[in-house]
Amino acid sequence: MTSIDNSSEQSLDVVLIGAGIMSATLGMMLKELQPELRIAVVERLDVAAAESSDAWNNAGTGHSAFCELNYTPEKADGSIDTGKAIKIADQFEQSKQFWAFLAEKYQVKELSRFINHIPHLSFVWGDENVNFLRKRHAALTQSPLFKGMSYSEDREQLQKWMPLVMEGRDPNQKVAATCMDMGTDVNFGSLTRGMFHLLQEKPNVAFHFNKEVSKIRRKEDGSWRIKAKDLATGDTLKLRARFVFIGAGGGSLPLLISSGIPEAAGFGGFPVSGQWLKCVNPEVIERHQAKVYGKAEVGSPPMSVPHLDTRMINGKRELLFGPYAGFTTKFLKKGSFLDLPLSIKLSNMRPMIIAGLKNIPLTRYLIDQVRQSPQDRFASLKQYLPEARFEDWELEIAGQRVQVIKKDKKAGGVLEFGTEVVAASDGSIAALLGASPGASTAVSIMVGLIERCFPQQARTPEWQAKFKEMIPSYGVSLHDNPQLVEEIREFTGRVLNLMAAEPTEAK
């Protein structure tokens with residue numbers, strides 16, 4: 001790694017605050033687009049990807065809308081809204097293309113450290129939910145992005161797809177499932193650290209760990225001054241940059257507000273914590289090989305959609321169930337209990353109050369979750385694993401998510417459950433807020449950010465060509481191009497070693 005001059009105030013092109021998946025993606029893209037850029041990464045912890053991007057803190061599904069039922073809501077007329085699912089599926093394909101580009105260009109080995117093939121299943125029970133899943137399957141398979149998705153109400157077929165889920169289940173219970181064999185498991189912590197490893201090999205890139213950003217101020221010339229405190233020595237790091245990206249997970253909101261840009265006015269955050277039940281019985285872990293998603297409870301946040309999840313974490317196969325939601329005033333897992341109260345300003349107080357009053361069911365749900373006993377959590381698990389044994393599972397603390405609250409002309413204030421990029425009008429500073437689907441769509445989000453914050457460069461033939469090289473489907477809707485979907489998936493599957501079996505025919 002080539003160091004940047006260690007002067008009293010380092011002058012840079014780009015400062016990335018937060019060493020997570022978003023900063024890693026943006027840093028790699030910008031270096032591919034313009035190799036001479038001077039970039040610095042500032043992180044408050046002593047290692048990259050230890051907060052929202054860490055494997056234990058992130059869902060890791062490779063959110064592609066194959067199995068997440070909350071991405072396909074049922075409309076008032078009973079039809080299924082597939083718009084969000086199709087968009088997310090397209091975005092995840094873009095992510096795989098970029099990862100395949102990096103893997104091929106830099107001859108990345110041991111791809112299984114960050115991505116593996118694992119089937120994605122949706123599982124429901126009861127007449128109403130079965131009818132919903134049947135309609136969802138019919139609607140989604142109209143898109144080439146969901147080609148190969150199988151649907152079945154046959155218990156023998158479901159037994160093959162997920163034996164542990166079916167064992168001991170009431171034979172009179174009406175059940176159904178969909179299976180998308182080409183699903184993936186992604187370790188975003190490993191992926192992030194891998195991209196940063198590639199980035200640090202490039203010239204004019206510096207990393208500053210154990211540095212907590214305390215101040216972001218705009219200078220008269222339009223650049224930004226960033227001050228960060230060394231948490232070990234107390235020394236102050238001073239940086240100046242033409243562009244700043246705040247990708248600090250739950251910590252992004254306070255930093256965005258502190259920047260003083262008018263676009264940040266009215267934004268607030270609602271923190272939601274999480275927990276997993278982690279299987280500690282190797283025999284049980286070995287017998288389940290899928291990601292099985294169910295339906296969320298009414299009033300619950302999207303991050304709380306229950307799932308029985310096979311994961312590869314640090315080279316070891318794991319089995320998790322959850323997550324169970326909770327409430328804390330921290331914005332980060334290793335944050336402060338003052339994060340929420342200190343984020344409340346005059347500019348966002350009204351939207352936060354209105355959003356809070358309109359989401360009382362969510363508040364009740366979180367209170368109920370916090371009050372759950374170990375037996376309550378185990379009872380939820382037994383809905384998915386009827387023969388689960390209490391002694392085979394232990395509690396694991398998951399990560400923090402900060403749901404976005406923002407001003408709304410009609411409603412006054414709304415609570416959002418997606419991700420949102422907030423940028424200054426001149427594009428000199430931007431922040432990413434929100435949660436799901438987050439990491440899985442990082443590539444699409446960062447392409448949009450680059451087009452928004454570097455508009456002139458992004459339109460040049462050189463950058464357009466590079467976008468197409470990094471993401472072959474750039475600028476094209478995969479939903480409208482069945483042939484391109486097949487070509488892209490053949491390419492990414494081959495390069496990333498994602499060998500899915502032929503789809504199982506089921507009725």
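Predicted model: local features only at pLDDT ≥ 70, side-chain atom pairs only at ≥ 80, totals over all residues.
Because D426 lies in the loop between β19 (419–423) and β20 (429–434), whereas R218 belongs to strand β9 (residues 211–218), the pair ties together parts that are 208 residues apart in sequence. Helices (H or I, at least four residues) and strands (E, at least two) are DSSP runs, numbered from the N terminus. R218 is likewise partly exposed, at 37%.

The structure holds 25 salt bridges, including one between the side chains of E486 and K147 (3.1 Å, N to O). E486 lies in helix α16 (residues 482–495) and K147 in the loop between α3 (127–140) and β5 (150–152), so this pair ties together parts that are 339 residues apart in sequence. E486 is partly exposed at 44% relative accessibility, while K147, at 56%, is exposed.

A further salt bridge joins R389 and D392, whose closest N and O atoms are 3.1 Å apart; D392 is buried, with 7% relative accessibility. Salt bridges that share partners also join E32, K105, K202, K466 and E469 into one network.

Residues are numbered from 1 along each chain as its sequence is written, and side-chain values use heavy atoms, leaving out hydrogens and water. Local features need pLDDT of at least 70 and side-chain atom pairs count only at pLDDT 80 or more, whereas totals for chains, interfaces and linings use all residues.

Definitions and conventions. Salt bridge = Lys/Arg side-chain N within 4 Å of Asp/Glu carboxyl O. Buried < 20%, exposed > 50% of the residue type's maximum accessible area, 1.4 Å probe, protein only.
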